[in-house]
Amino acid sequence: MIKDWEAGRHKPRDPYRLLYCRAFDLDENELFSVESTSRTESEDDVLRREFLGASVATVSIAAIPVPFESLPQGRRVNDELVVSLRKRIARLRRIDDYLGGAETYPLYAAELERTSTLVNEASYTQKTGRALLSVVSEQAQQAGWAAFDAGWAKKARQLFKKSLSAATDAGDTALLANSLAFLAYQKVSYGSPGIQEADASCRVAERGTPPAVRALLLERAAWAYASEGQRYQVEVERALEEAGRALEESSGEPNPDWALWVDRLELQIMTGRCWVALNQPVKAIAVLEDALSKYEDTRARDKSLYTTWLSEAYLDAGEIERASAALSQSLSLSMDVASIRPRQRVSAVLERLEDHRSLPSVAELFDRMATPSSCSAIPSTEPTHRQSM
């Protein structure tokens, strides 16, 4: 299949065209011929399903050189290798925009295992050692996020704690704060209070912490407060306002790659989510409708998730048909995404529509949810991948 694509006999559809372009740093005109190729619908379906399993291995691993193989005898690590590792993390992180955690976790866990082995077995200066530990912390966060996205709560928490420990040893305040924010976000997602960890993440961040990092920490703190209800509305509004101000700041130091996804659009979506949690649907609808109109369908997992909050806002506002339509869109976007979170959110909102099941649009949603083909293929048990350190 991959050979056929690269030989020009077939053309991949989005999001795979974009994945190829990102992996090889080429635009579509350079990478793909302009000649059209026809395929039957059944061929498209087969290629798409096969590529979900093959894309990580074939595109990501093959396209990005692994720097470990060039280490000299004695495995002496220098700063150049650390820079290569950071660039590799940045490129691999882009895959998370398009594939769910059950697909990306094996890759991210393997990256973490290899770097952890370097920390344990290689020789390096104290400065380089701290830099390596920062890489370990960043990789553990990425693997933890993938595990969380796949629904493997225990594994995710282990990895977030591993990241916290590595960041502490490295003296990397930004990554330490983000580890606490991840722990808070996971707790809130499973119905537990996360305010303590979220507050700690904001306190840990130094004045010199890059603006995008502070914005990320503040918006997750806002969500932790919002999830505890209307009594924290003042704290929610303050955190969101501070996050907005942080995004407007310029800094002499570049923002780390792992925080670059936090922008005005993401803050707008988080603001809408907070208004839903605070039972202010009119405010939430205005914000989420505008934000989601700008959000690409190719980022199916995230758009599916965010659309469930729009659906819930419609429901709170008494607009049942619009709530049903938004939830139907969310369910369609979540198909074949190896993430448990969109399905959990769709199920939660659909449960609230039970009293409106007599409506044809709502009844159709219940029927679709009961169809096995609408489910993502995610292993029910957590992975047992061994990790060093």
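Modeller: We will go from the overall build to the core, the helices, the pockets and the cavities.

Modeller: This is a predicted model, in which local features need pLDDT of at least 70 and side-chain atom pairs count only at pLDDT 80 or more, while totals for chains, interfaces and linings use all residues. Residues are numbered from 1 along each chain as its sequence is written, and side-chain values use heavy atoms, with hydrogens and water left out.

Biologist: How many helices and strands are there in the protein?

Modeller: Helices (H or I, at least four residues) and strands (E, at least two) are DSSP runs, numbered from the N terminus. Here the protein has 18 helices and 0 strands.

Biologist: What share of the residues is buried?

Modeller: Buried means under 20% relative accessible area, exposed means over 50%, and partly exposed lies in between (1.4 Å probe, protein chains only). Of the 389 residues in this protein, 53% are buried.

Biologist: And how do I read contacts along the chain?

Modeller: A contact means heavy atoms within 4.5 Å. Among the contacts in the protein with a separation of 6 or more, 71% are between residues 24 or more positions apart.

Biologist: Which residues have the most contacts inside the largest nonpolar core?

Modeller: In soluble globular proteins, nonpolar side chains tend to be buried together. A nonpolar core is a set of buried Ala, Val, Leu, Ile, Met, Phe, Trp, Tyr and Cys residues joined through side-chain atoms within 4.5 Å. The largest one here has 107 residues, and Tyr105, Trp223, Val236, Cys274 and Leu353 have the most contacts inside it. Leaving aside neighbours within four places in sequence, Leu353 is in contact with Leu315, Ile320, Leu327, Val362, Leu365 and Phe366. Cys274 counts as buried because its relative accessible area is 1%.

Biologist: Since you mention a cysteine, how many disulfides does the structure hold?

Modeller: A disulfide is a covalent bond between the sulfur atoms of two cysteines. The criterion is a pair of cysteine sulfur atoms within 2.5 Å, and the structure holds 0 disulfides. Another cysteine, Cys202, is partly exposed, at 26% relative accessibility.

Biologist: Can we look at some helices one by one?

Modeller: Let us take α10 (residues 195–204), where Ile195, Glu197, Ala198, Ala200 and Ser201 are buried. The cover over the buried residues of α10 includes α9 and α11. Ala184 lies in α9 (residues 173–189) and is buried, at 3% relative accessible area. Not counting residues up to four places away in sequence, Ala184 touches Gly194, Glu197 and Ala198. The C-alpha atoms of Ala184 and Ala221 are 8.2 Å apart, although 37 residues separate them along the chain.

Biologist: Is Ser304 buried or exposed?

Modeller: Ser304 counts as buried because its relative accessibility is 0%. Ser304 sits in helix α15 (residues 300–316) and touches Ser330, Leu333, Ser334 and Pro342, with residues up to four places away in sequence not counted.

Biologist: What about the loops?

Modeller: Most residues other than glycine have a negative phi, and most peptide bonds are trans. Asn279 has a positive phi, near 60°. Asn279 is in the loop between α13 and α14 (281–292) and is partly exposed, with a relative accessible area of 48%.

Biologist: How much space lies in the largest pocket?

Modeller: On a 1 Å grid over the protein atoms alone, a cavity is a set of points where a 1.4 Å probe fits but cannot get out, and a pocket is an open set with protein on both sides within 12 Å along at least five of seven lines; lining residues have an atom within 4 Å of a point. Grid points are joined across faces, edges and corners, and a volume is the space filled by probe spheres set on the points. The largest pocket holds about 1200 Å³ of space. Its lining has 49 residues, with Trp145, Tyr185, Arg220, Tyr306 and Arg341 the closest to the centre. Helices that each supply at least two lining residues include α11 (211–226) and α17 (341–352).

Biologist: And which residues line the largest cavity?

Modeller: There are 2 cavities of 30 Å³ or more, and the largest has a volume of about 80 Å³. Ile89, Leu92, Arg93, Tyr108, Glu111, Gln139, Gln142 and Ala143 line the largest cavity.
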